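Subject: Structure for you to look at

Hello,

Here is the structure I said I would pass on. Please open it first, then read the notes below.

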Amino acid sequence: MDWSRRSVLYKRHLLRIGGGLIRTVFLLGVGYVTLYPLLFMISSSFMSVSDTLDATVVWLPTGMNWFNFQKAFDLMNYGEALKNTLVLVLPCVALQVVSCVFIAYGFARFKLPGLPILFALLLFNIIVPSDCYIIPVYVLMSELKLINTVWQFYIQALFGVGIRSALYIFIIRQFFRTMPKELEEAAFIDGCNPLQTFLRVMVPNIKSAILTVSVLSLVWYYNDFSMFGMLLNGNYPLSVAITSVGTTLDSNMQYLTGQAISADLKILRASILAAACLIVVLPITAVYVLVQKHFTEGIERTGIVG
Amino acid sequence: MRKSAFRSLEKQRSRWGWIFLAPWLLGIAVFFLWPMIQTGIYSFSKLVVGADGFEANPVGFENYLHFFTKDSYFLNNLVTSLLETIPSTLLIITFSTMIALVLRAEFPMRGLARAVFFLPVIIASGPVISILENQVMMNGSVGAETTTYLFQAPDLTLVFADLGVPEKILESITSIINEIFDLMWKSGVQILLMLAALNTIPGSFYEVAMMEGATAWEKFWKITLPTLSPTLVVVIIYTLIDGFTDYDNLIIQTINSYYTDNNYAYSATVGMIYCICVLAVVGLVSWIMSRVAFYSSE
């Protein structure tokens with residue numbers, strides 16, 4: 001082996017090590033930035049007031065302190081709110097995913113007069129923020145006597161206009177379009193009608209896309225608070241319940257002390273809020289940890305892109 | 001004979017198409033188009049709460065006139081929110097591209113790294129992050145701190161101050177660092193989209209480039225970026241829409257605040273104007289981008 005070739009190999013080796021090093025530093029840095037608020041939340045939810053004031057206590061509290069969690073539980077009425085969340089979110093996700101897959105097939109595989117206009121309408125629905133037309137929806141729901149019930153959300157999910165339904169229809173449509181036409185032709189020759197083709201051939205082939213969309217749908221329904229807060233009056237899910245914890249705490253503290261809130265109480269307030277945040281994100285994070293492997297693999301294979 | 005059989009087949013097929021679209025057609029008409037039309041009507045009227053719901057009395061362009069001539073607060077906010085979205089979109093795009101490129105490579109603990117980077121997707125769309133940002137991290141640790149940034153870099157600032165860096169420059173640097181934190185939390189979905197796109201680039205492209213002796217730098221600009229460009233269009237538009245509909249967005253907050261003030265008609269007006277602005281910006285950007293983007297099939 002001559003010298004020049006050797007030095008090339010040597011250089012490549014160095015580059016690889018250097019690249020790995022840069023990547024590690026970069027990932028650690030960005031990972032720290034990403035996890036920082038979560039770590040902060042976990043650590044401060046366990047801290048007592050004296051821990052927070054103690055300069056020697058930075059991340060790890062001196063002892064397990066469950067007081068903040070107790071308070072957060074009571075203030076949000078956690079059990080009730082969690083039940084409301086499940087009752088609202090799970091049927092909505094199921095209905096939304098089924099309807100979006102069904103509708104997306106219509107958009108992907110049929111040549112219909114006026115379809116481009118309908119597709120433009122779909123894109124329009126993705127773009128327009130729902131805050132812009134929520135009041136007429138409120139009026140409509142009141143007239144239909146559906147306001148304050150869970151049915152209004154089920155119905156919207158079923159008819160392809162739930163939270164971000166248009167986006168999911170778009171995503172699944174893109175995915176259907178990448179499937180070879182020959183599959184459907186073969187099914188047709190074997191005597192399937194389009195519905196049977198859809199159920200037996202198309203749907204089983206896009207399982208990973210369906211999983212991805214289901215996770216996204218679950219996340220967005222779980223986290224939504226503007227629509228649930230607007231159309232419900234009581235029986236709030238977790239996402240709405242947590243938004244009022246801060247103000248409830250303020251008024252309770254003012255009532256107790258009868259004066260402006262002291263620095264100690266401010267610290268206590270922050271810790272209780274951190275605990276509340278932690279117990280709100282815990283269920284959805286648990287679900288995510290369970291499905292994350294399939295989820296990230298799925299979204300990569302979908303090629304959501306155009 | 002054969003032709004007519006074929007035509008009836010087509011007919012049958014299009015009937016099936018309508019069956020698939022039927023639920024959506026009903027839903028979009030009742031829960032989107034009708035409310036949009038209502039919003040349009042509201043924006044031209046004055047709403048009075050009557051015995052059975054709202055009564056809309058038409059007032060012509062009064063609300064719009066009020067908006068453009070008297071409501072300078074709102075007009076300013078509209079301009080700021082439109083202008084602020086552009087640099088943050090650029091930063092988010094750069095970020096998500098970089099992170100996606102790093103996450104694509106094979107390395108130990110890749111699964112864990114990915115799981116961490118997608119965590120923001122799970123949490124950032126909810127109220128929790130804004131509560132953490134505005135109510136927990138501010139008051140919790142350092143009593144005197146009043147900035148609303150999530151991530152403070154006080155130690156870093158001190159180090160640079162000791163080195164004699166002018167205060168003005170320091171301030172702008174730290175504000176960028178703090179911004180980066182927020183942006184990082186907003187780019188979860190974008191990273192996913194970019195990763196998905198990166199995986200669709202055929203490996204043979206890179207093999208050819210290697211045979212020709214291209215450097216990594218050239219590979220990025222000549223292969224990765226052009227093939228990614230259609231996805232970039234999608235990602236940019238998604239980011240824009242996300243920024244415009246974000247709960248922290250000043251305009252969305254103002255629209256919602258008019259609900260609580262019971263000034264629905266004006267809220268509808270603001271909503272309509274905002275919709276038109278967003279559509280115009282998104283339309284313009286997608287038009288420009290579709291000129292620049294490279295589609296291999298053409």
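A nonpolar core here means a set of buried Ala, Val, Leu, Ile, Met, Phe, Trp, Tyr and Cys residues joined through C-beta atoms within 7 Å. A residue is buried if 20 or more other C-beta atoms lie within 10 Å of its own, exposed if 12 or fewer, and partly exposed in between, with C-beta atoms placed from the backbone.

This is a predicted model, in which local features need pLDDT of at least 70 and side-chain atom pairs count only at pLDDT 80 or more, while totals for chains, interfaces and linings use all residues. Residues are numbered from 1 along each chain as its sequence is written, and chains are lettered from A and ligands numbered from 1 in the order in which they are written.

The core

The largest nonpolar core has 140 residues, and the ones that touch the most other members are A:Ile169, A:Ile172, A:Ile242, A:Ala276 and A:Cys277. The core lies between domain 1 (3-45) and domain 2 (67-302) of chain A, because both give residues to it; the domain bounds come from an automatic or database domain assignment. Beyond its neighbours within four places in sequence, A:Ile169 has contacts that include A:Cys100, A:Phe107 and A:Leu122. Two residues are in contact if their C-beta atoms, placed from the backbone, lie within 7 Å.

The domains of chain A

The C-alpha centres of domain 1 and domain 2 of chain A are 35 Å apart. Four residues from domain 1 of chain A and eight residues from domain 2 of chain A make up the contact.

The two chains

In the contact between the chains, 79 residues of chain B meet 73 residues of chain A. Helix 1 (residues 2-43) of chain B gives the largest share of chain B's side, 18 residues. Helices (H or I, at least four residues) are DSSP runs, numbered from the N terminus.

B:Asp162 lies in helix 6 (residues 154-162) of chain B. B:Asp162 is exposed, because it has 8 other C-beta atoms within 10 Å.

Regards

Terms used. Helix = DSSP H or I, 4+ residues; strand = E, 2+ residues; numbered from the N terminus.
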